[in-house]
Amino acid sequence: MTKTQALVLFSGGQDSTVCLGWALARFDHVETIGFDYGQRHAAELAARPRLLSAIKAGFPRWSAKLGQDHLIPLSAPRAIGGSALTESMAIEMGRDGLPNTFVPGRNLMFLTAAAALGYRRGIADLVGGMCETDFSGYPDCRNDTVQAMAKALSLGLAREVRIHTPLMSIDKAATWALARDLGGTALVDLIVEESVTCYEGDRTRRHDWGYGCGVCPACDLRAKGFAAYRIAAQP
Ligand code: ZN
């Protein structure tokens with residue numbers, strides 16, 4: 001039987017770490033790809049190797065499956081500018097109804113680069129943490145967008161590209177529960193301790209849900225999801 005392989009879009013955040021666990025539970029060989037796109041805070045990128053080493057060391061059934069990590073520079077989003085994730089500006093709602101943390105085309109660029117790397121490495125299955133239930137309403141996280149991308153990439157590469165989005169229709173509380181189901185409390189604890197979600201990249205303030213400024217929309221969502229998960233997990 002041929003070995004099944006996946007390439008996980010792995011940013012070092014909570015969602016992509018759960019996606020990595022999801023892929024390791026399903027595929028024989030899993031590689032990771034991350035992007036240095038000029039994000040203002042390097043905390044997420046710094047979390048990636050810590051999370052990967054901890055998974056290798058602490059999850060024996062997964063460690064042999066975990067393959068190469070690829071960090072790809074992608075300078076277009078920063079050069080284009082205008083987002084609170086790439087420039088020093090306060091997070092607020094834009095006139096288009098989207099928060100200014102939206103980086104236009106970011107996920108589309110990520111998926112394109114991931115599919116191109118997958119092409120080179122013979123990997124047709126991509127896994128990403130896009131989610132359309134989360135409040136931000138980023139249009140490049142919608143299932144329609146992602147599946148249209150899979151079709152465009154399959155056509156453009158003349159090879160089938162499948163994009164798996166295990167978090168697409170679940171909320172943040174369910175994402176924590178999925179982490180527990182995949183890797184037990186050890187995976188939940190690892191995500192709390194090492195993953196970075198905060199838009200400010202804050203690693204100085206520790207909460208029960210992990211590190212973060214505690215006030216940005218990403219921290220707010222992570223905190224509320226963790227609280228709901230804990231209530232649901234009580235016997
Ligand atoms: Zn924050």
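1. Helix axes are taken here as lines fitted to C-alpha atoms, for helices over the stretch in contact, with angles running from 0 to 180 degrees between N-to-C directions. The model is a predicted one, in which local features need pLDDT of at least 70 and side-chain atom pairs count only at pLDDT 80 or more, whereas totals for chains, interfaces and linings use all residues. Residues are numbered from 1 along each chain as its sequence is written, and side-chain values use heavy atoms, with hydrogens and water left out.

2. The axes of helix α1 (residues 14–26) and α7 come within 10 Å and cross at roughly 70°, helices being DSSP runs of H or I of at least four residues, and strands runs of E of at least two, numbered from the N terminus. The pair is therefore roughly perpendicular, a label that covers angles of 65 to 115 degrees. On the α1 side the contact (heavy atoms within 4.5 Å) includes Q14, D15 and W22, and on the α7 side it includes K172, W176 and I191. By class, the residues of this contact divide into eight nonpolar, four polar and three charged, where Ala, Val, Leu, Ile, Met, Phe, Trp, Tyr, Cys and Pro count as nonpolar, Asp, Glu, Lys and Arg as charged, and the others, Gly among them, as polar.

3. Helix α7 also meets helix α8 (residues 217–233), the two axes coming within 10 Å and crossing at roughly 85°, so that α7 is roughly perpendicular to α8. This contact of α7 with α8 has 11 nonpolar, one polar and three charged residues. Among the residues that meet are W176, R180 and V188 in α7, and R222, F226 and Y229 in α8.

4. The largest nonpolar core has 71 residues, and those with the most contacts inside it are L9, L20, L126 and I163. Such a core is a set of buried Ala, Val, Leu, Ile, Met, Phe, Trp, Tyr and Cys residues joined through side-chain atoms within 4.5 Å, buried meaning under 20% relative accessible area with a 1.4 Å probe and protein chains only. Helix α7 (residues 172–194) supplies the largest share of this core, 11 residues. Leaving aside neighbours within four places in sequence, L20 is in contact with V8, F10, V30, T32, L52, I55 and L66.

5. G38 is found in the loop between β2 (29–36) and α2 (43–58), and counts as buried because its relative accessibility is 15%. Although G38 and L74 are 36 residues apart in sequence, their C-alpha atoms are 7.6 Å apart in space.

Note on methods:
Buried < 20%, exposed > 50% of the residue type's maximum accessible area, 1.4 Å probe, protein only. Parallel < 35°, antiparallel > 145°, perpendicular 65-115°, else oblique.
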